[in-house]
Amino acid sequence: MSTATSAQAPAKSGRGTLYRGNEGQWSWVIHRITGVAIFFFLLVHVLDTSLVRVSPEAYNAVLGTYKNPLMAVGEVGLVAAIVFHAFNGLRIILVDFWKGGTKHHKKMLWTVVVLSVVTVGAFAIRHLMLALGGH
Amino acid sequence: MSATVESTIAAPRTGRIDPKYTRDKTKSGNFEMLAWLFMRLSGVVLVVLIFVHLFSNLMVGDGINGLDFGFVAGKWADPFWQFWDLALLWLAMLHGTNGVRTIINDYAERDGVRFWLKMVLYAATTVIIVLGTLVIFTFEPCLVGADGMLLESSPAFCENL
């Protein structure tokens with residue numbers, strides 16, 4: 001009884017529990033933060049795209065404000081949030097539905113991190129060359 | 001021993017949940033399970049929808065420099081991309097709304113605050129989904145000016161209509 005209770009209680013030694021402060025909790029925190037960020041971008045993205053129904057000038061004017069180096073870097077940040085949320089979401093599905101999911105969740109998280117870095121790196125090179133490449 | 005462990009951690013499956021953790025005394029069916037399942041099913045579909053969306057808009061051709069009214073008009077002249085973007089709009093908004101709903105339920109402890117935050121969320125979601133759906137299906141790519149001539153911003157295919 002006492003061991004079961006202490007395993008559930010907040011750690012007082014500062015070393016954390018199996019979950020707190022480790023891969024499981026940090027991936028959960030980042031999944032929430034990226035999810036909320038993407039949701040608020042989505043609201044704005046539908047509103048700016050809706051300007052095609054107002055007039056071509058209104059839409060082109062707003063899109064023109066996106067075509068500068070600062071926004072290009074912001075777009076890489078947005079894509080980084082989307083790519084991590086996407087790959088980590090697939091990891092969560094594997095943890096939920098695959099028999100070996102809970103056993104290998106840490107290895108899968110580091111796979112998610114590596115795949116995200118590679119994908120965002122490739123996107124960043126192409127996007128920044130287009131956006132900053134003297135058009 | 002096993003009885004001791006069960007009484008400590010098995011509450012969700014046995015249904016023996018301490019009353020102080022149940023906010024709503026009425027049964028809500030299996031809505032929460034369906035919402036959980038929807039997040040996984042829509043998530044898989046959204047990965048494909050969004051990756052193709054980003055690739056076709058930002059990675060090919062002139063990338064972001066090619067984006068303007070004519071680009072959108074050219075894309076939505078094709079029903080394939082109309083329905084692609086429609087699926088993207090609905091699934092992403094419902095996925096995002098359910099995610100934010102979960103976060104509100106987690107962090108807003110006062111009943112009134114939690115209720116009104118979710119009402120604001122649902123109102124915003126309804127406005128964005130209705131607006132986006134109307135824009136996709138009432139969009140006119142080949143606009144003409146007062147003189148009856150095609151506007152300069154029209155995509156090339158409008159000349160052949």
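Taking contact to mean heavy atoms within 4.5 Å, 40 residues of chain A are in contact with 47 residues of chain B. The model is a predicted one, and the area buried between chain A and chain B comes to about 3,600 Å², with carbon and sulfur atoms giving 76% of that area.

**The side of chain A that touches chain B**

- Across the interface of chain A and chain B, nine residue pairs are found in polar contact, both residues being at pLDDT 80 or more, and the count of salt bridges between chain A and chain B is two.
- One of these salt bridges joins A:Asp96 to B:Arg40, whose closest N and O atoms are 2.6 Å apart.
- On the side of chain A that touches chain B, two or more residues are given by each of helix H1 (2–8), H2, H3, H4 and H5 of chain A, and H4(A) gives the most, with 12 residues.
- Sorted by class, this side of chain A has 26 nonpolar, eight polar and six charged residues.

**The largest nonpolar core**

- The largest nonpolar core has 46 residues, and those with the most contacts inside this core are A:Val52, B:Leu58, B:Trp76 and B:Met93.
- At least two residues of this core come from each of helix H2 (23–49), helix H3 (56–66), helix H4 (69–97) and helix H5 (105–132) of chain A, and likewise from each of helix H3 (31–59), helix H4 (69–76), helix H5 (79–107) and helix H6 (111–138) of chain B.
- H5(B) supplies the largest share of this core, namely nine residues.
- Once its neighbours within four places in sequence are left aside, B:Leu58 is in contact with A:Phe123, A:His127 and A:Leu130 of chain A, and with B:Gly63, B:Ile64 and B:Leu67 of chain B.

Definitions and conventions. Residues numbered from 1 in each chain as written. Chains lettered and ligands numbered in written order. Predicted model: local features only at pLDDT ≥ 70, side-chain atom pairs only at ≥ 80, totals over all residues. Heavy atoms only, no water. Core = buried A, V, L, I, M, F, W, Y, C linked by side-chain atoms within 4.5 Å. Buried < 20%, exposed > 50% of the residue type's maximum accessible area, 1.4 Å probe, protein only. Helix = DSSP H or I, 4+ residues; strand = E, 2+ residues; numbered from the N terminus. Buried area = accessible area lost by both parts, 1.4 Å probe. Salt bridge = Lys/Arg side-chain N within 4 Å of Asp/Glu carboxyl O. Polar contact = N/O pair within 3.5 Å; in protein donor to acceptor, adjacent residues only side chain to side chain. Nonpolar A, V, L, I, M, F, W, Y, C, P; charged D, E, K, R; others polar.
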